[in-house]
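I want to go through the aromatic rings, then the surface patches.

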Amino acid sequence: MKNLIKKTFRKLLKESPSKLSTKALDRASKMEKPRAGTPHDWEDYEKYLKEFEKNAKD
């Protein structure tokens, strides 16, 4: 299922790279350190990093 989602995203990015929704999808697929945001954004980012490290060890 995960590969199917990635394949669909790639197709959308190729077909309409200048659409706002495509740009948002591209930004969302690349998890980066937030530049600004609410405390909740930072908590979500830290939670993501912990889960990522946990999965990398397994």
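Below are my entries on rings, patches and one cross-chain distance.

**Entry 1: what I'm looking at.** I'm working from a predicted model, so I keep that in mind throughout.

**Entry 2: aromatic pairs.** How many aromatic pairs does a search of the whole structure find? I got 2. One of them joins tryptophan 42 and tyrosine 45, with 6.2 Å from centre to centre and 90 degrees between the planes. I logged that pair as edge-to-face, because the cut-off for the label is over 60 degrees.

I then checked where the two residues sit. Tryptophan 42 and tyrosine 45 are both in helix 3, which covers residues 39-57. They are 3 residues apart, about one turn of the helix.

Next I looked up exposure: is tyrosine 45 buried or exposed? Tyrosine 45 is buried, at a relative accessible area of 15%. Tryptophan 42 comes out at 28%, so I noted it as partly exposed.

**Entry 3: the stacked pair.** I moved on to tyrosine 48 and phenylalanine 52. Their ring centres are 6.1 Å apart and the planes meet at 25 degrees, so this pair is stacked. The label follows because planes under 30 degrees apart count that way.

These two are in helix 3 as well, 4 residues apart, again about one helical turn. On accessibility, tyrosine 48 is partly exposed at 36%. Phenylalanine 52 reaches 52% and goes down as exposed, since the line for that is over 50%.

**Entry 4: nonpolar patch.** Which residues form a nonpolar patch on the surface? I found Ile5, Phe9 and Leu12, with about 230 Å² of accessible area together.

**Entry 5: negative patch.** I also looked for charge on the surface. Asp41, Glu43, Asp44 and Glu46 gather there in a patch of negative charge. Of these, I looked up aspartate 44 and placed it in helix 3.

**Entry 6: across the chain.** Last stop was aspartate 26, which I found in helix 2, residues 20-29. At 25% relative accessibility, aspartate 26 is partly exposed.

Notes. Residues are numbered from 1 along each chain as its sequence is written. This is a predicted model: local features need pLDDT of at least 70, side-chain atom pairs count only at pLDDT 80 or more; totals for chains, interfaces and linings use all residues. Side-chain values use heavy atoms; hydrogens and water are left out. Rings of Phe, Tyr and Trp (its six-membered ring) pair if their centres lie within 6.5 Å; planes under 30 degrees apart count as stacked, over 60 as edge-to-face and the rest as tilted. Buried means under 20% relative accessible area, exposed over 50%, partly exposed in between (1.4 Å probe, protein chains only). Patches are made of residues with over 30% relative accessible area and no salt bridge: like charges are joined within 9 Å, nonpolar side chains (Val, Leu, Ile, Met, Phe, Trp, Tyr) within 5 Å. Accessible areas come from the Shrake-Rupley method with a 1.4 Å probe; for residues, only the protein chains shown count as cover. A salt bridge is a side-chain nitrogen of Lys or Arg within 4 Å of a carboxyl oxygen of Asp or Glu. Lys and Arg count as positive and Asp and Glu as negative; His and the chain ends are not counted. The place of a charge is taken as NZ of Lys, CZ of Arg, CG of Asp or CD of Glu.
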